[in-house]
Amino acid sequence: SYNLIKNLAGNAYYKTSFDSIKNKALVINVDYYGYQQTYDVNYKSKTLQPDFTEKGSTFLQFNAKPLDITIRSATADYTHNTLLGIWQVGLKTAWTKVNNRSIWKKYEEEKWITDSSLTDQFLYNEYIQAAYGGFSGQFKQINIDVSLRAENTFSEGASIVLKETYPRRYINLFPSAAITYRLSTDHEWIIAYRRSIRRPLYKDI
């Protein structure tokens, strides 16, 4: 077997303040991530009889799984400190492209032949637009932290061999809230709620 992985990542960061005491700040991030994997495996199959003698000829197979993943994202986060607390708003956009192939070959008549019954190529594209707003503040012994995030997601998967596409579009809201009551320097009560989403690893798609 042969397994080769290549990664390439980059980031551009910018931060600015809108007043001399830095109560208002804007942070911009632009990210790039590239992932490439080449995974090749050779298979040798034999048929054995009850006495463990080989029956027929050895069946040879070869499987190549090249994988390419590209992720581009950009975020803008604005923070405003006030006497009441800290206000935050932000925007994010992300593009993901996946090219996942599985190439099967079998050895027949002294040459390698592509096995079309097992070979496939799957393409996946995902575009996410998100916006959020939040507030955190301290009121005597009580600390409040609340936020709301909205995501608009469009994704499309396509099987090249089957000639089928699987588009999907949805909007999700992800609220979160936490209230902390400090009884003393050693004891505190916390009530929290959070809604989130877990996505599969892109290399598993």
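Student: Before we start, how are residues numbered, and what pLDDT do local features need?

Tutor: Residues are numbered from 1 along each chain as its sequence is written, and side-chain values use heavy atoms, with hydrogens and water left out. In this predicted model, totals for chains, interfaces and linings use all residues, side-chain atom pairs count only at pLDDT 80 or more, and local features need pLDDT of at least 70.

Student: Thanks! How many bridges join β8 to β9?

Tutor: Strands here are DSSP runs of E with at least two residues, numbered from the N terminus, and two strands pair if DSSP finds at least two bridges between them. Strand β8 covers residues 142–159 and strand β9 covers residues 164–182, and they run antiparallel. The number of bridges joining β8 to β9 is 18.

Student: Which residue in the turn between β8 and β9 has a positive phi?

Tutor: The two strands form a hairpin with four residues between them. A positive phi of about 55° is found in that turn at K163.

Student: And which residue in β10 stands opposite T180?

Tutor: β9 also pairs with strand β10 (residues 188–194), in the antiparallel sense and over seven bridges. A hairpin of five residues makes the link from β9 to β10. Opposite T180 stands I190.

Student: Let's look at S159 in β8. Is S159 buried or exposed?

Tutor: Buried means under 20% relative accessible area, exposed over 50%, and partly exposed in between (1.4 Å probe, protein chains only). Counting contacts as heavy atoms within 4.5 Å, S159 touches D120, Q121, F122, E164 and Y166, leaving aside residues up to four places away in sequence. Because its relative accessibility is 5%, S159 counts as buried.

Student: Which residues make up the largest nonpolar core?

Tutor: A nonpolar core is a set of buried Ala, Val, Leu, Ile, Met, Phe, Trp, Tyr and Cys residues joined through side-chain atoms within 4.5 Å. One of its members, L67, has contacts that include Y35 and V98. The five residues of the largest core are Y35, L67, I69, V98 and Y124.

Student: Now for charges. How many salt bridges are there?

Tutor: Side chains of opposite charge can pair when their charged atoms come close. The rule asks for a side-chain nitrogen of Lys or Arg within 4 Å of a carboxyl oxygen of Asp or Glu. By this rule the count is six.

Student: How many residues apart in sequence are the parts that E126 and R199 tie together?

Tutor: The side chains of E126 and R199 form a salt bridge, 3.9 Å from N to O. E126 lies in strand β7 (residues 120–139) and R199 in the segment after β10, so the parts they tie together are apart in sequence by 73 residues.
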